[in-house]
Structures are given as C-alpha cells and as structure tokens.
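Please read them with the structure open.

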Amino acid sequence: MADLIPIYYLGKKYMVPEGVTIMGAVEYSGHRLVRGCGCRGGFCGACATVFRVPGNHQIKVGLACQTRVENGMDIAILPYYPAQKVLYNLSAVKDPSQELQKLYPEMYRCLGCSACTKICPQDLPVMDIIAEAQRGNLPAVAELSFDCVMCGLCASRCLAQMVPYNIAMVARRLYAHFNLPRPGYVGARIREIEQGVYDQKIDDLLDKGQEELQKLYAERDIECI
Ligand code: FES
C-alpha cells in the first residue's frame with residue numbers, strides 16, 4: 001500500500017496515494033470526471049490543470065493524466081477555456097500563406113512575452129509558432145505545433161488575448177490540404193461513408209436510449225490508459 005499524502009482539489013483537502021497522477025488522485029477522492037478527462041494518455045488535451053505546491057509562489061501547469069501528485073498540492077482542473085475559433089472553407093482558400101493573417105489578425109498583437117511558451121505542458125515553443133504564423137510559414141507552424149494537444153492553457157495566459165492553439169490548427173490544416181499528398185485510405189473511408197456502409201450502425205445507435213448509450217460508452221475499449 002502506498003503512503004497517503006494530502007492534496008487540495010478545488011480547495012478541499014483529500015488524502016491520496018503517493019505517486020498517483022492528479023487524475024487518479026481526484027478520482028480516488030470520490031470525484032467522477034465528466035469533463036476534463038478523455039484519453040488518459042496525454043494526447044487529447046482535455047485535462048489541463050493548474051496547481052501550486054507549498055513553498056513556491058508559482059502557478060504550475062500540467063496534464064492531470066500525466067502529472068504526479070505532490071504533498072500539499074493545490075489543484076484545479078480546467079476542462080474548458082473560452083477561446084475564439086473562426087470558421088473557414090479550405091476549398092475556397094486562394095493563397096494559403098495569407099490565410100492565417102486574414103482569419104486571425106490579432107496574432108500581430110503578440111507582445112513577445114513568452115508566457116504561452118512557459119505555460120505549455122507539452123514544452124512547445126508557442127511564441128515561435130506564432131512568429132512563424134505571422135510570416136505565413138505554414139510548414140514551420142505545422143512542424144513546431146505537431147504535438148499540440150489543444151489543452152487551452154496558452155490562450156489562458158496570452159496577454160494579447162489570442163488563441164495560439166487554434167491558429168496553429170488552421171495552419172496544420174492548410175498545410176495538409178495544400179502541401180501533403182492525400183492518403184489512399186481516407187478516400188476509401190469517404191467512399192464507404194457515401195455508399196452507406198455505416199448507415200445501419202449509426203441508425204442502431206440513434207435508436208438506443210440514454211441509459212444504453214451510457215452503458216456502451218462506459219464499456220467501450222480504451223486504447224490509452
Ligand atoms: S485525458 Fe487526454 S490528455 Fe489527459
């Protein structure tokens with residue numbers, strides 16, 4: 001049996017096993033995470049978390065499914081952060097290198113403070129990503145932001161109030177759409193959908209009640225634990 005240590009979740013004290021993740025500790029404390037919990041493997045970005053540890057004035061961040069608890073840690077999971085997200089039509093784009101500037105002109109308000117880079121739990125160079133976005137350098141933005149899990153923490157700290165992860169996502173989509181070869185299996189899957197191969201399965205799901213859907217969801221295979 002692991003030793004128990006105190007943590008504070010949303011201001012309330014709980015005793016949890018030493019060495020577990022923040023997510024494990026919160027669930028051990030009796031909370032059911034309906035939001036703020038997805039893949040449990042560090043990929044989906046649903047579990048952005050801010051915390052402080054005793055004796056350190058700094059706000060720290062991490063993914064709840066990846067970060068281990070520490071003695072006296074004071075924790076809040078941020079399952080959602082309000083963020084501007086523009087709509088666009090990739091097929092209508094004439095000049096991809098100019099599109100980011102059109103969609104997110106606020107990126108030129110960047111003050112170069114580097115708060116976004118410092119807070120990124122993936123250690124991505126977020127400020128450099130925005131600098132490349134300002135230049136319209138889509139391959140660089142796509143490459144540098146490839147490991148972004150869209151947790152929202154960069155947007156929570158940006159002094160210019162922009163949303164770096166949404167800007168980077170548009171860049172990756174533009175780059176993929178205009179520069180990369182299209183994999184054959186995508187076309188095959190689209191044809192299957194158009195031919196109605198999945199219609200029956202979708203109809204079956206639509207016919208189920210909420211309880212049955214919840215049971216199916218709870219019993220689904222989870223690849224990353
Ligand atoms: S639950 Fe998906 S990144 Fe933590």
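1. Terms first. Two residues count as in contact if their C-beta atoms, placed from the backbone, lie within 7 Å. Helices (H or I, at least four residues) and strands (E, at least two) are DSSP runs, numbered from the N terminus. This is a predicted model: local features need pLDDT of at least 70, side-chain atom pairs count only at pLDDT 80 or more, and totals for chains, interfaces and linings use all residues. Residues are numbered from 1 along each chain as its sequence is written.

2. Overall make-up. The protein chain has 10 helices and 5 strands. Its C-alpha trace spans about 60 × 50 × 25 Å along the principal axes. Of the 225 residues in the protein chain, 27% are buried. Buried means 20 or more other C-beta atoms within 10 Å of the residue's own, exposed means 12 or fewer, and partly exposed lies in between; C-beta atoms are placed from the backbone. Among contacts with a separation of 6 or more, 60% join residues 24 or more positions apart.

3. Domains. The domain assignment gives domain 1 (4–77) and domain 2 (90–179). Such bounds come from an automatic or database domain assignment. The centres of domain 1 and domain 2, taken over C-alpha atoms, are 28 Å apart.

4. What is the order of the strands in the open sheet? It is β2-β1-β5-β3-β4, 5 strands with mixed pairing. Strands β2 and β4 are the edge strands, each pairing on one side only. The twist averages 35° from one strand to the next. Axes for such angles are lines fitted to C-alpha atoms, for helices over the stretch in contact, and angles run from 0 to 180 degrees between N-to-C directions.

5. Pairing around β1. Two strands pair if DSSP finds at least two bridges between them. Strands β1 (residues 4–9) and β2 (residues 12–17) are antiparallel over 6 bridges. I7 stands opposite Y14 in β2, and Y9 has K12 of β2 as its bridge partner. The hairpin of β1 and β2 has 2 residues between the strands, and L10 takes a positive phi near 50° there. Y8 stands opposite D74 in β5.

6. The core. The largest nonpolar core has 49 residues, and C154, I167 and A171 have the most contacts inside it. A nonpolar core is a set of buried Ala, Val, Leu, Ile, Met, Phe, Trp, Tyr and Cys residues joined through C-beta atoms within 7 Å. Helix α7 (residues 164–179) gives the most to this core, with 6 residues. The core draws at least three residues from each of domain 1 and domain 2. I167 touches L100, Y104, M107, I130, A133 and M162, leaving out residues up to four places away in sequence.

7. Helix α4. Which residues of α4 (residues 126–135) are buried? They are V126, M127, I129, I130, E132 and A133. Please look at E132, listed among the buried residues of α4. The cover over these buried residues includes α2 (96–103), α3 (115–119), α5 (138–144), α6 (153–157) and α7. G136 follows α4, and its phi is positive, near 75°.

8. Two backbone points to check. Most residues other than glycine have a negative phi, and most peptide bonds are trans. D123 is not a glycine, but its phi is positive, about 60°. D123 is found in the loop between α3 and α4. It is exposed, with 9 other C-beta atoms within 10 Å. Q161 also is not a glycine, and its phi is positive at about 60°. Q161 lies in the loop between α6 and α7. It is exposed, with 10 other C-beta atoms within 10 Å.
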